[in-house]
Amino acid sequence: MDRSYGGEVAINSFALVSYFSGPLAEYLTRLRRELVPDCEARAHLTILPPRPIQGTADDAVRELGHNLQEFAPIFVELGDVEIFAESRVIYVSVKTGHLGLESMHDALNAGGVAFEEPFPYHPHITLAQDLGAESIDEVLQRARQHWLQWPHPRNFIVEKLTFVQNTLGNQWVDLEDVSLSARVVS
C-alpha cells in the first residue's frame, strides 16, 4: 500500500540524514536556497544516501536503531567548498569527523537497508546539485565566496539521525528520529 504525505505519494526511496541546528545550519540552508532557488531541503549531512529498502520503513528503523547502539555522537568540523566532478554536486567538505561518519555508514549499509551505491560514501553538506553545465563554475565560485565570509564556528555534533522517505514530487518526509548514545567521539 502506498503512503501519502500531504498529497504526495511516497516511493521506495529512503535515506538516513543528520539535521543540525543553530546559526550554521540556518546559514547553510539560506545559502543552498540562494544557489538553487527552488530547493526546499534544509541543511543536513547524509549518512545513508537515497536507496530502496527491503521490508517496511518500521522494520528499517528498528534495524537502524539496533545497529546504531554502538555509535556515540560524532563531532564534525566542516572544511572547504568543493565539487564532485562526476555528479556535479557542489558541497561543503567534512574536515573532522569523516572517519567516524564513514564507519557509521559502513555499519548501517546492511540488512534491509543495504544498497550498492553508485559512488563511494563521502560525508558532506550538499549546497547545489542538478545544475546545468553552463552554470556550474559561477555557482561554485558564489558558494566559495559566501562560505569564506562565514565568520563563526563551522562545527556541530551528529547526535540524532532522521530516517526520511522521498515522494513522487521529490519531497523528502521525515519518518523517525534515532538518537545516538551520550559519549561524543572526535
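1. Let me start with strand β2 (residues 8-19), which pairs in the antiparallel sense with strand β8 (residues 160-167) over five bridges. Within this pairing, Val17 has Thr162 in β8 as its bridge partner. Strands here are DSSP runs of E with at least two residues, helices are runs of H or I with at least four, and both are numbered from the N terminus; two strands pair if DSSP finds at least two bridges between them. β2 is also joined to strand β3 (residues 44-51), again antiparallel and by five bridges, with Phe14 facing its bridge partner Arg51 in β3.

2. A word on the model before going on: it is predicted, with local features needing pLDDT of at least 70 and side-chain atom pairs counted only at pLDDT 80 or more, while totals for chains, interfaces and linings use all residues. Residues are numbered from 1 along each chain as its sequence is written, and side-chain values use heavy atoms, leaving out hydrogens and water.

3. Now to the open sheet, where four strands follow the order β6-β5-β4-β7 with antiparallel pairing. β6 (124-128) and β7 (155-158) are at the edges with a single partner strand each, so one side of each has no neighbour in the sheet. On average, neighbouring strands are turned by 40° against each other, direction ignored. Four bridges link strand β4 (residues 74-84) to β7, and Glu77 stands opposite Asn155 in β7.

4. Helix α1 (residues 23-35) packs on this sheet and touches β4, β5 (89-96), β6 and β7, its direction making about 35° with that of β6. Axes are lines fitted to C-alpha atoms, for helices over the stretch in contact, and angles run from 0 to 180 degrees between N-to-C directions. Contact means heavy atoms within 4.5 Å. Thr29 belongs to helix α1 and counts as buried at 12% relative accessibility (buried is under 20% relative accessible area, exposed over 50%, partly exposed in between, with a 1.4 Å probe and protein chains only). Beyond its neighbours within four places in sequence, Thr29 is in contact with Ala41, Arg42 and Ala43.

5. The aromatic residues deserve a look too: the structure holds four aromatic pairs. In one of them, the rings of Phe84 and Tyr91 have centres 4.0 Å apart and planes at 20°, so this pair is stacked (rings of Phe, Tyr and Trp, the last by its six-membered ring, pair if their centres lie within 6.5 Å; planes under 30 degrees apart are stacked, over 60 edge-to-face, the rest tilted). Tyr91 is buried at 3%, whereas Phe84 is partly exposed at 21%.

6. Four salt bridges turn up in the whole structure, each being a side-chain nitrogen of Lys or Arg within 4 Å of a carboxyl oxygen of Asp or Glu. Among them, Glu117 pairs with Arg51, the closest N and O atoms being 2.4 Å apart. Glu117 lies in the loop between α3 (98-108) and β6 and Arg51 in strand β3, so the pair ties together parts 66 residues apart in sequence. Glu117 is buried at 17%, and Arg51 is buried at 2%.

7. Another salt bridge joins Arg62 and Asp59 (2.5 Å, N to O). Both residues lie in helix α2 (residues 57-67), three residues apart, about one turn of the helix. Arg62 is exposed at 56%, while Asp59 is partly exposed at 36%.
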